[in-house]
Amino acid sequence: MHILQYYLLFAIVSNILYFITTWKLFRKAGRKPWESLIPFYNILITLKIIHRPWWWILIIFIPIVGPIMGIIILVDFIRHFNHRSLIDALLVIFLSFIFLAYLNYSPQTQYTGKQERKETFISAILFAVIFATIIHSFILQPFTIPTASMERTLLVGDFLFVSKMNYGIRIPMTPVALPFLQNKIPLGDNQQPQKQINSYVDQIRLPYMRIPGWTEVKRYDIVVFNYPTDSLHTAIDRKDPYVKRCVGLPGDKIQLINDNLFINGKPELIKKDEEQQRNYYIYATEAGISSRKIEEILGYANYQEIQDETGKKIYFFRGLTNTNAEKLKGLDTVDSISIVYQKKGEDGIFYKDINKTKIDTTNSIFPLHSGWNGSQYGPLLIPKKGDIITLTKNNIDQYRRIIKNYEHNELKEENGLFYINGRKTNTYTIQQNYYWMMGDNRDNSLDSRYFGYVPEDHIIGTPIFTWLSIQGLFENDQFGHPAKFKIRWDRMFKIPNTDIPLEKKTNYLPYFIILLGGYFVYDYYRTKKKKKDVNK
């Protein structure tokens, strides 16, 4: 049965149960019993009975906040029949139709009419949660950068606001969920998320829908998306969020040669606010480079110090910009520097065991058995909607996830033949657009080279504002050089992804302070006016 048929069946059954358990309550409230039977109209009449505005019905049909509003209406409904205790509220929440039936058929139940309402702390919190959840789910969502895959463009400890409207608002696909939580309730062992409880009801899902935005994903945009190969969550909107740079659009051809990216045969364009990093070896004299000097030049860097058999120092830096590498090269104690990349023919497959019997697909190059690695990659064509692919045993690893996981078909492979949804065929038509995402910290990024294409329905939005940046907030060091805790004021209240160097970006902190001050002045005079009106 199709998902929409399930929803239709659920709606019909729920509506019938609502009629059976409330028709007498409607009559006691001065309404016609049949009004509790008509879909949608019965909700409007319920709102009239509890003296609430008609537009509340719109909130009921918004994913995630809809169930919260439904609870508020039900609790308010029974209060108008003189059931105002906490126990009554819990009963109608957890035993909805059973408790409503009890009230409906009890001769003692009486309608008490319009209630004098006082704004309570709980009601204020509930409506604040509804408002914030609408903003969070459809317009603007805060994200934190916990890993170094986009350094130094985005730093570990950057706090961003991500716009969900630029590329079009994606309707949440799991409408019944706890607000503000991505996928797990943070209880228990954070190191074993598979043992934690989901923050959403996985069995209730909506189909993919997106309201058109004012722009499409453009090449070199910084994009937030759901991790396509998340093994813990199959609901698209509940997969872990990742942030990378979109370097390949549908139909583009991607290739890396000696770690240098080529798009459609041309070298990539480096944006002015894009600070790419590569791994480097720095070869120094016996005197070496002091950690103080490294901190003075780089601020913070992830590096390992090694000493060769002659006593000279070798420093392995996990990510340096070309500019920072040249700064280190200019030190008196540095002999030479060299960029680190994998050579052609080096294996891009990693294994979970010593005997190499279990492939670690998360950290292995996509597609498997391609013979590529993270520095020598492709050429690979990114599929676009409408492409007709001829399937072979040599390219099936490239398209298997698209056919099965992303476009939800049944795929069988027998004796070199392919069966899609039970039909033998050697072609497949791509149903949606796909994108290629890479981290600016090129040699330290889990990106499309490993998880492959990013489907269009996995796109969340784009970062539009850095509102806070804290160094040392997350553990990101492997070699015993932890970042010192400090607030990075120079990064705050600036807009990423503008093709403007960081030092020339506009700082919006003064504008924010002016707006905040204006609001407090307005609120002061509004409150003062209300008091005068009350005293008249």
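Colleague: Among contacts in the protein chain between residues at least 6 apart in sequence, what percentage join residues at least 24 apart?
Modeller: This is a predicted model, in which local features need pLDDT of at least 70, side-chain atom pairs count only at pLDDT 80 or more, and totals for chains, interfaces and linings use all residues. Residues are numbered from 1 along each chain as its sequence is written, and side-chain values use heavy atoms, leaving out hydrogens and water. Of the contacts (heavy atoms within 4.5 Å) between residues at least 6 apart, the share joining residues at least 24 apart is 67%.

Colleague: What percentage of the residues in the protein chain is buried?
Modeller: The C-alpha trace spans about 95 × 70 × 40 Å along its principal axes. The chain holds 12 helices and 21 strands, taken as DSSP runs (H or I, at least four residues; E, at least two). Of its 536 residues, the buried share (under 20% relative accessible area, 1.4 Å probe) is 43%.

Colleague: How many of the 15 residues of helix α4 are buried?
Modeller: Helix α4 covers residues 65-79 and is mostly covered. Among its buried residues are Val65, Gly66, Met69, Asp76 and Phe77. The buried count in α4 is 11 of 15.

Colleague: How far apart are the end C-alpha atoms of α4?
Modeller: The expected span is 1.5 Å times one less than the number of residues. For the 15 residues of α4 this gives 21 Å, and the model agrees because its end C-alpha atoms are apart by 21 Å.

Colleague: Which residues in α6 do Leu74, Phe77 and Ile78 of α4 meet?
Modeller: Helix α6 covers residues 96-105, and its axis comes within 12 Å of that of α4, crossing at roughly 15°. The two helices are therefore roughly parallel to each other (angles under 35 degrees). Leu74 and Ile78 of α4 are also buried. The partners in α6 are Ser96, Phe99, Leu100 and Leu103.

Colleague: At what angle do the axes of α4 and α5 cross?
Modeller: Helix α5 comprises residues 86-94, and its axis comes within 9 Å of that of α4. Ile71, Leu74, Val75 and Ile78 in α4 meet Asp88, Ala89, Val92 and Ile93 in α5. The pair is therefore oblique, and the axes cross at roughly 130°.

Colleague: Which are the edge strands of the open sheet of four strands?
Modeller: The sheet has the order β9-β10-β8-β11, with antiparallel pairing (at least two DSSP bridges). The edge strands each pair on one side only; they are β9 and β11.

Colleague: How many bridges join β8 to β10?
Modeller: Strand β8 comprises residues 278-284 and runs antiparallel to β10. Ala284 stands opposite Lys313 in β10. Strand β10, residues 313-320, is mostly covered, with seven of its eight residues buried. The bridges between β8 and β10 number six.

Colleague: Which residue of β10 is the bridge partner of Gln307?
Modeller: Strand β9 (residues 303-307) is antiparallel to β10, to which five bridges join it. The partner of Gln307 in β10 is Lys313.

Colleague: Which residue in the turn between β9 and β10 has a positive phi?
Modeller: The two strands form a hairpin with five residues between them. The phi in question is about 95°, and the residue is Gly311.

Technical notes: Buried < 20%, exposed > 50% of the residue type's maximum accessible area, 1.4 Å probe, protein only. Axes fitted to C-alpha atoms, helices over the stretch in contact; angles between N-to-C directions. Parallel < 35°, antiparallel > 145°, perpendicular 65-115°, else oblique.
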